[in-house]
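Please open the model in your viewer and keep the selection panel at hand, as this tour moves from one selection to the next.

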Amino acid sequence: MDWLDALILGIIQGLTEYLPVSSSGHIEIVKEVLGVDLPAEENLQFSVIVHAATVLSTIVVLWPMFAKLCKSFFTFRRDNNFYYVCKILVSCIPVGIVGVFLKDTVEDIFGSGLMVVGICLMVTALLLTFAYLSDLRAARRNEGKLTEAPAGSEGREIGWIDSIVIGLAQAVAVLPGLSRSGTTIATGILLGNKKAAVAHFSFLMVILPILGECLLDLKDMIGGEVADSAIGVLPLLIGFVSAFLVGCAACRWMIDLVKKGKLIWFAIYCVIMGVVCIVW
């Protein structure tokens, strides 16, 4: 992998990790277009680096909220922030089970080719459309009642059952092309949760699964399966920085878009890209 490939893939990872268009699907698309065929050791190394970058960008963007949550949880305050973290932990259980016990099985069954990516992008588009229509109906029912409410405040807070259902949606989104953020945000909106709350919850709940996946990849690297460094420092550094900077911008942008109910445009984009992948 050269520095330009690392720059492009880092930008794509940082952007699509937050936008509801599937980061794994777009990484596959870009690799196909660029003709990048990474060996296992390069793929693992680069994946660990760019995913760590997106975790860091989430923490930076949501730092005021993240700091309060950590303070309450680790000091056992038993306030709303403490229980919010508990809900995040509950939501991570399904994807943790899939990641540890079923990841290889899922990859063997579904693969990671562009046909699978195209079909899953279509499913993502369907979920986003359902969420948009549900939000539209709710807005029409409440027309005139919430005219003074800020954007994204309509709906209820995320409950325990909501966190479990959203967590199940995140577990299903391990398929390439099925957007994790799109699936979890759409599920939360369909459950009637506040759009702003869903966006924050969606981005915070992915921190543990990404870190867990990075640890599993590191275990493979340290264990000798991919022990040799193959990429080099410069491409890894460029990939990390580009994924982090673009991730910060994309995270802020996506929260604002969810509040304004603009998911339908991503549904249209996913349909177009899904068709392109299938035809390709």
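Select α1 and α11 together: in this predicted model, the two helices cross in a right-handed sense. The axes of α1 (residues 3–16) and α11 come within 7 Å and cross at roughly 25 degrees, and because that angle is under 35 degrees, α1 counts as roughly parallel to α11. To see what lies at the crossing, show the side chains of W3, A6, L7, G10, I11, G14 and L15 in α1, which meet a set of α11 residues including L234, P235, I238, G239, S242 and A243, with V246, G247 and A250 also among them.

Next, colour the largest nonpolar core, which has 61 residues and in which M254 and L263 have the most contacts. Helix α11, spanning residues 233–260, contributes 10 residues to this core, the most that any element gives. Centre the view on M254, and, leaving aside residues up to four places away in sequence, you will find that M254 touches Y18, L19, P20, I185, F203, L263 and F266.

From L263, move on to α12 (residues 263–279), a helix of 17 residues that reaches 25 Å from its first C-alpha to its last, close to the 24 Å expected at 1.5 Å a residue. Which residues of α12 are buried? They are L263, I264, F266, A267, C270, M273, G274 and C277.

Definitions and conventions:
Residues numbered from 1 in each chain as written. Predicted model: local features only at pLDDT ≥ 70, side-chain atom pairs only at ≥ 80, totals over all residues. Heavy atoms only, no water. Core = buried A, V, L, I, M, F, W, Y, C linked by side-chain atoms within 4.5 Å. Buried < 20%, exposed > 50% of the residue type's maximum accessible area, 1.4 Å probe, protein only. Helix = DSSP H or I, 4+ residues; strand = E, 2+ residues; numbered from the N terminus. Contact = heavy atoms within 4.5 Å. Expected span 1.5 Å × (residues − 1). Axes fitted to C-alpha atoms, helices over the stretch in contact; angles between N-to-C directions. Parallel < 35°, antiparallel > 145°, perpendicular 65-115°, else oblique. Left-handed = near helix turned anticlockwise from the far one by under 90°.
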